[in-house]
Amino acid sequence: MSIEAAALDQWYVIDAAADIPRAPRRNRLLGRDLVTRRDADGAIEVATVAADGAPGVRLTVRECYGYVWTTLGAPVRDVVDIPEADEADRQHVVCGALAVNASGLRIVENFLDMAHFPFVHTDILGAEPHTEVRKYNTEIRRDVDEVWATDCEFFQPQAAVSATDGIMTQYIYRVASPFVTLLYKTCPLAANRWDVICLFVQPCDPDRCRVHPVMFIIDPETSLTDLIRFQQLIFLQDRIILENQRPRLLPLEPRAEIPTRADIASVVYRRWLKEKGLTYGTAERRATA
């Protein structure tokens, strides 16, 4: 089955750089087997795997934000720019890779959804009776080809590991590519700055992916272990929901799932994907295969 350029011509994280051994290691991206390894000089190599199991085409590699990025196509832009990653006083928290039996697009869409906070992340990211998703703004920023949701806010009982009281948390969502999304949120320890949480999604197959969460946050008090544990707890709660969604692939047809006012970011995200002609991980791809 051929894969459209909108999926091929993207940068994807396939592993944390620190986890790449010298011995060849199998990986997978967009339905294709890959092999990664370090050469004698310590440089990371990524190649496709030929039908006979031998290394095939050598792929372009970037090391950025603690991760190995590669592509099966010819991206017109470089890896997503995250200026906060260069700020020396932030903790750079690589949270490990988590496997999910769902479309990678479902992962991104779930990340944009505030309505599930009180019911899935109870007493952490939300709690009853604070269930209202207030009106927020969404747009496709044509100059950078990204989806943004701004002026988002939600009451959170524990907005961060270091938080001791509930606060009204401000959010900005940014979808930098179909499988890369970022959240800028209120920083409890620095009122004039944002904490940054990213999900780098690796679509292994249309309905199976690995998710690589990373945080760039201002929190000198909390240990790295506790920060990783907190983020993994949040995502593992999401995984239960994601793996039980049907269909596993993301429908792009507007009538397939009925959105509410709270789903406006999802509506714009799906519209953006359709504009790009991206079908990998969507129900439309299965229907036309």
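Let's start with the cysteines: this predicted model contains zero disulfides. As a reminder, a disulfide is a covalent bond between the sulfur atoms of two cysteines. Take Cys209, which takes part in no disulfide: the nearest cysteine sulfur belongs to Cys204 and sits 6.8 Å away. Is Cys209 buried or exposed? Its relative accessibility is 1%, so Cys209 counts as buried. Cys152 is also at 1% relative accessibility and therefore counts as buried.

Now step back to the whole chain. The protein has six helices and 15 strands. Of its 289 residues, 51% are buried. The accessible surface amounts to about 13,300 Å², and carbon and sulfur atoms account for 51% of that area.

Two packed helices are described by the angle between their axes and the distance between the axes. Here, helix α2 (residues 104-111) packs against helix α5 (residues 264-276) at an angle of about 145°, and the axes are 9 Å apart. The crossing of α2 past α5 is right-handed. Which residues make the contact? From α2 come Leu105, Arg106, Val108 and Glu109, while α5 supplies Ser266, Tyr269, Arg270 and Leu273.

Most residues other than glycine have a negative phi, and most peptide bonds are trans. Against that background, the peptide bond joining Arg246 and Pro247 is cis, with omega about 0°. Pro247 is found in the loop between α4 (224-242) and α5, the latter being the helix that packs with α2.

Leu30 is not a glycine, yet its phi is positive, at about 50°. Where does Leu30 lie? You will find Leu30 in the loop between β2 (25-29) and β3 (32-38). Although it belongs to a loop, Leu30 has a relative accessible area of 1%, so it is buried. Asp151, another residue other than glycine, has a positive phi near 60°. Asp151 is located in strand β11 (residues 146-156).

Methods. Residues numbered from 1 in each chain as written. Predicted model: local features only at pLDDT ≥ 70, side-chain atom pairs only at ≥ 80, totals over all residues. Heavy atoms only, no water. Disulfide = S-S within 2.5 Å. Buried < 20%, exposed > 50% of the residue type's maximum accessible area, 1.4 Å probe, protein only. Helix = DSSP H or I, 4+ residues; strand = E, 2+ residues; numbered from the N terminus. Areas by Shrake-Rupley, 256 points an atom, 1.4 Å probe, with all protein chains shown as cover. Axes fitted to C-alpha atoms, helices over the stretch in contact; angles between N-to-C directions. Left-handed = near helix turned anticlockwise from the far one by under 90°. Contact = heavy atoms within 4.5 Å.
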